[in-house]
Amino acid sequence: MASTTHRARRTSRFPYLLVLPAVLLLAGCVAAPGVYALLLSFQRRKVNGGLLGGGTHTVFAGLANYRDVLGDSALWSGVLRMLALGAITVPGTVLLALLFAVLLDLEGTRLRRLTRLTIFLPYAVPGVIASLMWGFLYLPATSPIGGDRVDFFGRTAVYFSVGNVVVWGAVGFNMIVIYTALRALPPELHESARLDGASEWQIVVRVKVPLVMPAVVMCTLFSALAALQVFNEPNTLKPLSNAVSSTWVPLMAIYDEAFGNSDLHTAAATSVVLAVAALAVSFVTARLVQSRIQQEGT
């Protein structure tokens with residue numbers, strides 16, 4: 001009896017041992033840096049001595065850094081550019097992913113595995129390398145796609161140029177998510193719709209898409225969070241274009257503040273504000289998904 005109880009305790013602890021590495025990795029790479037950034041955001045450097053100065057020391061600044069961040073017009077301009085870029089990348093990514101997933105799921109689709117792999121491959125390319133590749137495609141001197149006639153780095157066109165790189169690298173992952181949800185649908189639903197005389201297009205619009213809407217909403221959340229964290233693409237294209245400044249999006253402003261101006265405390269405060277915005281987006285989207293699932297359940 002005692003051995004059975006001991007074995008049951010060991011079995012009940014085994015799942016915790018399995019997730020322990022992930023928990024430690026999360027605590028060391030996310031939680032600890034987050035707490036450290038939060039502490040830095042309430043501090044600032046102060047010069048010792050008089051006019052000549054005698055070094056610096058750290059002092060408690062309260063909410064002064066947050067007031068400076070929220071009053072920074074350059075940061076708000078970057079936020080507006082980020083939102084404009086997100087208005088291109090989020091719907092572009094989700095709609096293309098849904099389109100590709102639906103086309104791959106159609107009856108009679110040929111070379112399904114090869115096509116799926118081809119669409120997914122750009123996701124495996126690092127963002128910096130992809131941005132460099134597209135940057136040379138955009139430059140007039142090396143462009144094979146009309147860069148000598150079209151200004152891909154113009155004041156307005158640069159949003160679509162950067163957005164194209166983001167969408168190109170993100171569609172594959174989201175397509176796999178939606179395609180997996182489509183393949184999990186019971187085949188009886190399609191057969192019943194065909195027996196009722198529905199065409200393939202009607203089956204897609206009235207059966208498949210509504211049933212995989214939670215997956216579509218989840219992909220929308222992923223894309224929205226990625227839009228808040230866009231950095232590699234515009235930062236890599238910055239040396240190639242005067243339209244992309246060092247504070248073009250908030251993460252670039254944080255990087256420039258921390259490593260360009262050596263002001264870790266203001267950069268930390270900006271990071272906290274951006275993290276709160278990302279959490280707010282996640283919370284609102286999760287509530288919308290939950291309410292939609294409850295409506296479908298009733």
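**Cores and pockets in a predicted model**

Visitor: Which residues of H11 are called buried, and why?

Guide: They are Pro250, Met252, Ala253, Ile254 and Ala258. Buried means under 20% relative accessible area (1.4 Å probe, protein chains only), so each of these five falls under that cut-off.

Visitor: Why is a set of residues called a nonpolar core?

Guide: Its members are buried Ala, Val, Leu, Ile, Met, Phe, Trp, Tyr and Cys residues, joined through side-chain atoms within 4.5 Å. The largest such core has 24 residues. Tyr138, Val158, Val162, Trp248, Val249 and Met252 touch the most other members. Helices H3 (73-105), H5 (127-138), H6 (157-183) and H9 (213-228) each give two or more residues. H6 gives the most, with five.

Visitor: What does Val249 touch, and what makes that a contact?

Guide: Contact means heavy atoms within 4.5 Å. Val249 meets this with Gly78, Met82, Val230 and Pro234, not counting residues up to four places away in sequence. A second, separate core of 22 residues includes Val94, Ala97, Val171 and Tyr179.

Visitor: What makes a space a pocket?

Guide: On a 1 Å grid over the protein atoms alone, a pocket is an open set of points with protein on both sides within 12 Å along at least five of seven lines. Lining residues have an atom within 4 Å of a point. The largest pocket has 24 of them. Val166, Gly169, Ala170, Ala226 and Glu233 lie nearest its centre. H6 gives the most to this lining, with seven residues.

Visitor: How do you know which residues of the second largest pocket's lining count as nonpolar?

Guide: Ala, Val, Leu, Ile, Met, Phe, Trp, Tyr, Cys and Pro count as nonpolar, Asp, Glu, Lys and Arg as charged, and the others, Gly among them, as polar. The lining then divides into 14 nonpolar, two polar and no charged. Nearest the centre lie Leu251, Ile254, Ala267, Ser271 and Leu274.

Conventions
Residues numbered from 1 in each chain as written. Predicted model: local features only at pLDDT ≥ 70, side-chain atom pairs only at ≥ 80, totals over all residues. Heavy atoms only, no water. Buried < 20%, exposed > 50% of the residue type's maximum accessible area, 1.4 Å probe, protein only. Helix = DSSP H or I, 4+ residues; strand = E, 2+ residues; numbered from the N terminus. 1 Å grid on protein atoms, 1.4 Å probe; cavity = no way out; pocket = protein on both sides within 12 Å on 5 of 7 lines; lining within 4 Å.
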